Amino acid sequence: MDLKQAEAVIERRENGDMVYEQEYIDALEVVKDHMTKQVTHWKKEALSARTALKYAQMYSRTSLRDWKVGEVNG
């Protein structure tokens, strides 16, 4: 079952239509797995962004320091 099918099963259940219990449980598992993958992806993206920001800040401080040293020496 893919995500679209799982969402359809859950929607049918919420609308009061007859859905087998196991089919509903399977649909919830599919959605849970999808959301877990999304959260993992978002965490990696956030970590990448924080790492990029950290390196950008380190680079800007180093560049500023080098520029000031060059200003004094030049």
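Me: Where is A6 found in this predicted model?
Reply: In this predicted model, A6 is found in helix α1.

Me: Why does A6 count as buried?
Reply: The relative accessibility of A6 is 0%. Buried means under 20% relative accessible area, and A6 therefore counts as buried.

Me: Which residues does A6 touch, leaving aside those up to four places away in sequence?
Reply: A6 touches M1, A27, V30 and V31. Contact here means heavy atoms within 4.5 Å. V30 in turn touches M1, D2, L3 and A6, with the same exclusion of residues up to four places away.

Me: How far apart are A6 and L28 in sequence and in space?
Reply: A6 and L28 are separated by 22 residues in sequence, and their C-alpha atoms lie 7.1 Å apart.

Me: What makes up the largest nonpolar core?
Reply: This core has 7 residues in all: A6, V9, I10, V19, Y24, A27 and V30. Two or more of its residues come from each of α1 (3-14) and α2.

Me: Why is M35 called partly exposed?
Reply: M35, in helix α2 (residues 21-73), has a relative accessible area of 40%. Buried requires under 20% and exposed over 50%; M35 lies in between and is therefore partly exposed.

Me: Which residues form a nonpolar patch on the surface with M35?
Reply: M35 forms this patch with V39 and W42, and together they have about 290 Å² of accessible area. Membership requires over 30% relative accessible area, a cut-off that M35 passes at 40%.

Conventions:
Residues are numbered from 1 along each chain as its sequence is written. This is a predicted model: local features need pLDDT of at least 70, side-chain atom pairs count only at pLDDT 80 or more; totals for chains, interfaces and linings use all residues. Side-chain values use heavy atoms; hydrogens and water are left out. Patches are made of residues with over 30% relative accessible area and no salt bridge: like charges are joined within 9 Å, nonpolar side chains (Val, Leu, Ile, Met, Phe, Trp, Tyr) within 5 Å. Accessible areas come from the Shrake-Rupley method with a 1.4 Å probe; for residues, only the protein chains shown count as cover. A salt bridge is a side-chain nitrogen of Lys or Arg within 4 Å of a carboxyl oxygen of Asp or Glu. Helices (H or I, at least four residues) and strands (E, at least two) are DSSP runs, numbered from the N terminus. Buried means under 20% relative accessible area, exposed over 50%, partly exposed in between (1.4 Å probe, protein chains only). A nonpolar core is a set of buried Ala, Val, Leu, Ile, Met, Phe, Trp, Tyr and Cys residues joined through side-chain atoms within 4.5 Å.
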